[in-house]
Amino acid sequence: MVMIDQYIFGGFVASLFAFVLLYTLRRRTIGKTKGGASKAASIDECVTSPAADGASRAESGGDADVIIVGAGVAGAALAYTLGKEGRRVRVIERDLTEPDRIVGELLQPGGYLKLIELGLEDCLSNIDAQRVFGYALYKDGKDTKLSYPLEKFDSDVSGRSFHNGRFIQRMREKASTIANVRIEQGTVTSLLEENGTVKGVQYKTKKGEEITAYAPLTVVCDGCFSNLRRSLCTPEVENPSCFVGLILENCDLPHANHGHVVLGDPSPILFYPISSTEIRCLVDVPGQKVPSIASGEMANYLKTVVAPQIPPQLYNSFIAAIEKGNIRTMPNRSMPANPHPTPGALLMGDAFNMRHPLTGGGMTVALSDIVLLRDLLRPIHDLNDASILCKYLESFYTLRKPVASTINTLAGALYKVFCASSDPARNEMRRACFDYLSLGGVCSNGPISLLSGLNPSPLSLFLHFFSVAVFGVGRLLLPFPSPQRVWLGARLLSGASGIIFPIIKAEGVRQMFFPATVPAYYRAPPVN
């Protein structure tokens with residue numbers, strides 16, 4: 001009996017000791033999770049708590065180095081790039097099905113070079129992407145061909161045009177092959193801030209479950225309709241026009257493997273191949289309202305106003321595309337980059353900076369930004385000191401300016417020059433631009449180098465723009481100047497200034513032309 005009592009007493013003491021030990025270990029584990037010190041917990045291991053509205057809420061551990069909001073061109077490319085650098089990346093995308101858009105279909109040669117630099121050029125394989133070697137311009141029955149200056153590059157370097165959705169899906173697939181990259185579907189509803197520092201995001205899954213996710217750095221690249229940008233920048237969005245999109249089938253462009261720009265009335269019309277059998281047509285309609293598609297007003301507009309202006313070789317296919325009825329519209333937006341440097345967060349892609357899509361420069365800017373961000377983050381091993389990292393990454397906003405601002409300014413200026421106007425001086429500038437580019441040599445190579453992203457030089461852009469204006473004035477004053485022509489020339493110069501200077505001012509004169517005078521230009525990476 002005494003022996004049994006000893007066993008019972010020993011068992012009681014052992015049980016008590018085990019209980020105290022387990023309780024202590026549990027408290028330490030919870031403390032580490034709340035403090036963000038545990039790096040080994042899986043994202044899938046969530047502690048769920050009931051929400052006040054009855055919905056399910058979950059909190060995921062901070063085992064990611066970077067959270068990326070959006071898996072479009074910028075988000076998917078950034079996820080692959082940072083994942084390849086050894087970062088643990090979590091991507092949250094609203095819709096992981098293949099996108100179906102009418103823009104983001106033409107990658108300039110400068111953007112293709114950045115794609116190669118990131119190791120993503122194979123994402124253009126097996127999607128029937130078409131090579132693009134330049135542009136053809138049409139005006140008043142005349143045309144001129146502008147070829148990209150590719151002589152100094154490998155034979156594979158050129159522009160590419162494709163179905164946007166196919167390209168994005170290929171990049172998502174490639175990002176998913178990196179073991180430390182996780183892509184999931186969910187709608188990010190807000191950024192999680194604490195004392196002015198972004199700690200992560202809150203999002204809803206497809207099942208309606210609300211989850212909070214934490215990481216030292218959150219990169220927002222959720223596109224042109226971003227609902228998160230307002231806390232990270234001052235968005236000044238302009239809607240100068242809309243694109244009306246059609247697909248022409250089984251026809252050939254007058255100049256093979258070239259984009260075609262018709263300087264139409266009231267605004268430009270674009271054609272470029274997106275597969276071996278399809279040609280994308282984008283008709284620019286100025287303003288924010290377009291004719292109704294449902295009532296047939298749009299079809300009538302395309303047939304009566306647009307069709308007579310396009311190259312004859314494309315006329316029948318254009319009418320057939322209208323009759324087929326698959327007419328799409330998309331607002332064109334422009335927004336200069338005006339960030340609020342925020343610890344723990346960064347903006348990229350169209351959520352951060354937009355330009356008129358006339359020149360197809362958006363993806364080139366995004367890929368260039370990703371290369372720059374990769375290089376800036378490369379020497380930093382620990383991203384947890386948000387305030388120091390934020391100060392260092394202010395250099396990102398300065399270093400990106402020359403490339404991004406050149407492409408942005410060119411897009412805005414060209415769109416305004418290419419649109420028809422009731423002002424004789426603006427129309428004279430339009431004619432001067434077409435004739436200047438038709439001269440060939442430096443007069444075409446310089447501007448097409450800017451447009452292609454191969455030479456994104458702000459000074460070169462400025463000089464060529466005013467060379468066009470001076471060229472137009474010179475033609476007005478020869479052979480003999482008259483008071484009327486002198487006045488028209490003065491108005492042409494004034495109009496040219498009125499086009500480009502407001503765009504340059506919005507982009508930032510100092511950052512665009514003199515970035516080395518900005519203190520952030522010289523920021524050194526923090527020592528971990």
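This briefing walks through the main features of the structure, topic by topic.

The model is predicted, so local features need pLDDT of at least 70 and side-chain atom pairs count only at pLDDT 80 or more, while totals for chains, interfaces and linings use all residues. Residues are numbered from 1 along each chain as its sequence is written, and side-chain values use heavy atoms, with hydrogens and water left out. The protein has 14 helices and 20 strands; helices (H or I, at least four residues) and strands (E, at least two) are DSSP runs, numbered from the N terminus.

**The protein as a whole**

- Of the 528 residues in the protein, 52% are buried; buried means under 20% relative accessible area, exposed over 50%, and partly exposed in between (1.4 Å probe, protein chains only).
- The protein exposes about 24,200 Å², and carbon and sulfur atoms supply 56% of that area; accessible areas come from the Shrake-Rupley method with a 1.4 Å probe, and for residues only the protein chains shown count as cover.
- Among contacts (heavy atoms within 4.5 Å) between residues at least 6 apart in sequence, 72% join residues at least 24 apart.

- An open sheet of five strands has the order 10-4-3-14-20, with parallel pairing; two strands pair if DSSP finds at least two bridges between them.
- Strand 10 (181–185) and strand 20 (345–347) stand at the edges with a single partner strand each, so one side of each has no neighbour in the sheet.
- From one strand to the next, the twist averages 20°.
- Strand 3 (residues 66–69) and strand 4 (residues 89–93) run parallel and are joined by four bridges, with V66 standing opposite V89 in strand 4.
- Helix 8 (residues 386–399) lies across strand 14 (217–220) and strand 20, and runs at about 10° to strand 20; axes are lines fitted to C-alpha atoms, for helices over the stretch in contact, and angles run from 0 to 180 degrees between N-to-C directions.

**A glycine in helix 2**

- G75 lies in helix 2 (residues 73–84), and this glycine counts as buried because its relative accessibility is 0%.
- Not counting residues up to four places away in sequence, G75 touches I68, G70 and C221.
- The C-alpha atoms of G75 and E93 are separated by 8.8 Å, and the two residues are 18 residues apart along the chain.

- Five of the five residues of strand 17 (269–273) are buried.
- In a regular strand the side chains alternate between the two faces of the sheet.
- I269, F271 and P273 point one way from strand 17, L270 and Y272 point the other way, and all are buried.
- Strand 16 is joined to strand 17 by three antiparallel bridges and by a hairpin through six residues; V261 stands opposite L270.
- On to strand 18 (residues 278–286), strand 17 has five bridges, again in an antiparallel run, and a hairpin through four residues.
- The bridge partner of I269 in strand 18 is V283.

**Two helices that cross**

- Two packed helices are described by the angle between their axes and the distance between the axes.
- The axes of helix 3 (residues 109–118) and helix 7 (residues 362–377) come within 8 Å and cross at roughly 35°.
- This crossing of helix 3 and helix 7 is left-handed, a term used if the near helix is turned anticlockwise from the far one by less than a right angle, with right-handed used if clockwise.
- Residues in helix 3, including G110, K114 and L118, meet residues in helix 7, including T364, L367 and R374.
- By class, the contact of helix 3 with helix 7 has five nonpolar, four polar and three charged residues; Ala, Val, Leu, Ile, Met, Phe, Trp, Tyr, Cys and Pro count as nonpolar, Asp, Glu, Lys and Arg as charged, and the others, Gly among them, as polar.

**Backbone details worth a look**

- Most residues other than glycine have a negative phi, and most peptide bonds are trans.
- The bond from D265 to P266 is cis, with omega near 20°, and P266 lies in the loop between strand 16 and strand 17.
- The bond from L478 to P479 is also cis, with omega near 0°; P479 lies in the loop between helix 12 (458–477) and helix 13 (483–507).
- D140 has a positive phi of about 50°, sits in the loop between strand 7 and strand 8, and counts as exposed at 65% relative accessibility.
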